[in-house]
Structure formats: C-alpha cells, structure tokens
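This report is written for a reader meeting the structure for the first time. Please look over the sequence and the model shown here before reading on.

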Amino acid sequence: MGNSNACCVAPQGQRGKKKDRSDVYAPEPEVPKEESSANLQHISDREVAEDHEEDPSNHPRASTIFLMKSTAPNGKVLELTSHHRSDGLLVHHSSKKRNNHHINHQQESPNNLNKKFSSCSTIYIDDSTVSQPNLKNTLKCVALAIYYHIKNRDKEGICKTLDIFDEKFHPLTDSVPDNYDSIEPEHRHIYRFIRTLFSAAQLTAECAIITLVYLERLLTYAEIDIAPCNWKRIVLGAILLASKVWDDQAVWNVDYCQILRDITVEDMNALERQFLELLQFNINVPSSVYAKYYFDLRSLADANDLIFPVEQLSKERAQRLEATSRACEEKMKEGNKPELKRTVSAENMSPRLSRVVLS
C-alpha cells in the first residue's frame with residue numbers, strides 16, 4: 001500500500017477531485033436488435049446501392065446490356081458484316097426484302113432450311129436447358145454478346161479503362177502490336193479465346209453465363225468501357241472469378257499461367273484482387289438473374305440464326321425427361337414444407353417469470 005504507483009492512489013493533479021461514480025458504473029449502450037448477430041441479413045438479401053438499382057446483373061427485371069447493344073434504335077437486330085462472319089461458327093443471313101415493280105417477297109435464310117420443326121407425330125428438342133446449357137453454343141452466344149459490347153460501345157469520347165486491364169501495361173503475349181487499341185476483334189477471335197480457356201480449365205457452360213454477368217457488373221460498377229485494348233483481360237478476370245465462385249473444384253491462378261504462357265502468377269493475383277474490389281465484392285448471382293441471362297442469350301442466338309443442335313424425341317428420352325420432371329416436382333414439394341423455427345440467441349431472449357406454488 002506504500003507504493004506510490006498503487007491503484008488506490010490518484011494520479012497527480014487529481015487528488016483533490018472526486019470522481020463521479022456515475023462515470024465508473026455507466027451502463028453500456030444497448031445494441032439495437034437490427035444490428036445484433038441474430039438479425040443480420042444474408043448477403044443476397046441486402047439492399048443494393050442506389051447507383052446500381054437498375055443494374056441488370058442484380059435485378060431480374062432490368063434488361064441485359066448486351067441485348068440492348070445488339071439491337072438498333074429502331075428495334076431491329078444489327079447485322080454481322082461478312083468480314084466478321086466465320087464458316088461453321090456463326091452463319092448470319094438476315095432476311096432482306098426485295099422491292100420489284102410487281103413482286104415483293106422475302107428472301108429466306110439458308111439456315112432456316114436446315115431448321116427442324118416439330119409436328120403432331122414428331123417432336124424435336126435440343127439438349128440445352130437452363131440448368132444444363134450446351135457448352136459449345138453457350139460459348140458462342142457469350143462471345144457474340146461480348147462482340148456487340150465492343151462493337152457498339154461509345155466511340156465519341158475517350159475510352160474509359162484502367163491500367164490493370166490494358167494489354168499495353170499487362171500484355172498476355174510477347175508481342176503486342178502498336179495499333180492494338182484500334183483493331184476490333186472479330187467474333188471468331190473472341191470465341192477462340194474463350195474456348196481455349198474453358199477447354200484447358202475444363203469449365204462448365206454455367207460458368208460462361210456467370211462470366212457474362214460479372215463482366216456487365218464490372219462495366220456498371222467501375223463505369224469503364226470494354227474495348228479492343230482491354231477486352232481480353234476483362235474476360236480473363238471474369239472467367240477467373242466465375243470459375244472460383246461456381247465450380248466446386250476451382251482452377252488455381254497458377255494453372256492459368258500454364259494456359260497463357262506469358263503471364264505471371266503475380267499478375268493473375270493482382271487482376272483478381274482488382275476485379276473483386278471493382279465489383280465491391282458483390283459476387284452473388286441470384287437464380288432469377290442467371291435465368292434471365294440464359295434466355296436472353298437464347299434470344300440473341302435466335303436473332304443471329306445460331307442454331308442449337310436438336311434431336312428427335314425418342315421413347316427412352318421421353319421417359320428420362322418424365323423421371324427428371326417427377327423428381328423436380330417432389331423436390332419442390334419438399335421445399336414448400338414449413339421450415340423449423342430457428343433458435344434464438346441467449347442475448348435476445350426476454351426473461352420469463354415462472355409460477356411457483358409455495359406450501
């Protein structure tokens with residue numbers, strides 16, 4: 001007790017002052033129930049910032065950007081020039097009206113002659129569904145959506161981009177041409193770039209749709225343009241992130257260095273980190289948004305005469321579809337059952353008075 005540093009001795013300058021006991025025993029501020037751990041919202045239920053309320057990658061009712069880019073102001077689908085067409089990859093023959101003095105008819109597309117239509121006795125269906133899309137055709141559609149993004153971008157002002165996506169500062173190959181930022185890629189070049197990554201990394205078709213969702217979310221959040229100077233690195237970053245979010249066995253960053261020989265692991269890590277920061281770490285994709293992108297890609301394919309492979313419905317396949325449909329119906333019935341009441345944390349429990357009989 002004789003030690004001058006004991007806790008019972010007041011520090012110098014404060015010996016004559018009495019300490020207010022209310023400061024010592026002041027009650028701690030109560031945490032509102034809305035901020036308690038038991039009432040925290042799930043990340044998918046949290047509100048989106050007001051700036052991104054019309055973002056199609058978050059809201060199922062907002063129209064996708066690539067579908068708006070692929071249509072002209074008059075509502076008609078823009079045509080691919082013959083320079084951007086490729087044999088066997090995408091054949092687009094628009095129906096043009098011929099005006100003659102006495103004859104006015106519509107020229108049929110050669111692709112329409114190869115289409116198979118169902119009848120009363122024969123049914124043709126394709127193997128692409130919203131839950132299991134066709135990989136090859138989905139990659140073609142995603143490449144076509146990116147093509148329209150680049151082609152119909154705003155070319156009046158200066159291209160808005162970031163150094164992390166510019167191939168001049170972070171090249172993917174040894175030699176980058178001097179006019180790399182002015183050469184618009186063709187549809188087949190975009191498709192081959194995506195197909196190479198998906199084939200080497202063994203990614204699924206669902207991952208391609210998630211890639212397009214992240215790409216449009218990046219353009220909206222970061223307010224940048226996808227252009228000839230940055231489209232490869234933007235697509236690479238979207239594929240990298242989508243593969244880690246969607247696939248159970250994600251591809252490591254070092255694996256992409258085996259596919260793209262001239263890129264380093266440090267560059268891949270920086271690309272992934274910057275991509276996440278620009279997305280504000282919002283990697284959630286609701287099922288309604290995923291379905292919207294899938295059907296909009298199908299609409300884009302139909303508008304550009306991209307035919308999905310169809311097969312005649314056989315008896316065995318009809319039985320498999322019926323079994324799958326029955327399993328989905330049973331799963332939905334189980335999901336509609338009332339859920340068990342969640343437990344409540346002890347912090348939020350109100351004290352209950354129990355009645356006691358005194359004898």
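Predicted model: local features only at pLDDT ≥ 70, side-chain atom pairs only at ≥ 80, totals over all residues.

The residues of α10 that are buried are V289, Y290, K292, Y293, Y294, D296, L297, R298, L300 and A301.

Just after α10, D305 takes a positive phi of about 55°.

## Aromatic pairs

A search of the whole structure finds six aromatic pairs. One of them joins F193 and W231, whose ring centres lie 5.5 Å apart with their planes at 75°, so that the pair is edge-to-face. This pair links distant parts of the chain, since F193 belongs to helix α5 (residues 187-201) and W231 to helix α7, 38 residues apart. F193 counts as buried at 13% relative accessibility, and W231 counts as buried at 5%.

Another aromatic pair, formed by W246 and Y290, is stacked, with 5.8 Å from centre to centre and 10° between the planes. Because W246 lies in helix α7 and Y290 in helix α10, the pair ties together parts that are 44 residues apart in sequence. W246 counts as partly exposed at 39% relative accessibility, whereas Y290 is buried, with a relative accessible area of 9%.

## Salt bridges

The count of salt bridges comes to five. In one of them, K244 meets E272, with the closest N and O atoms 3.0 Å apart. The pair links distant parts of the chain, K244 being in helix α7 (residues 231-246) and E272 in helix α9 (residues 265-278), 28 residues apart. K244 is partly exposed, with a relative accessible area of 31%, while E272 is buried, with a relative accessible area of 16%.

Another salt bridge joins the side chains of R326 and E322, at 3.4 Å from N to O. These two residues are four residues apart in helix α11 (residues 315-335), so about one helical turn separates R326 from E322. Both are partly exposed, R326 at 41% relative accessibility and E322 at 49%. The side chains of R188 and E186 also meet in a salt bridge, at 2.7 Å from N to O, and E186 is buried, with a relative accessible area of 7%.

Technical notes
Residues numbered from 1 in each chain as written. Heavy atoms only, no water. Buried < 20%, exposed > 50% of the residue type's maximum accessible area, 1.4 Å probe, protein only. Salt bridge = Lys/Arg side-chain N within 4 Å of Asp/Glu carboxyl O. Phe/Tyr/Trp six-rings, centres within 6.5 Å; stacked < 30°, edge-to-face > 60°.
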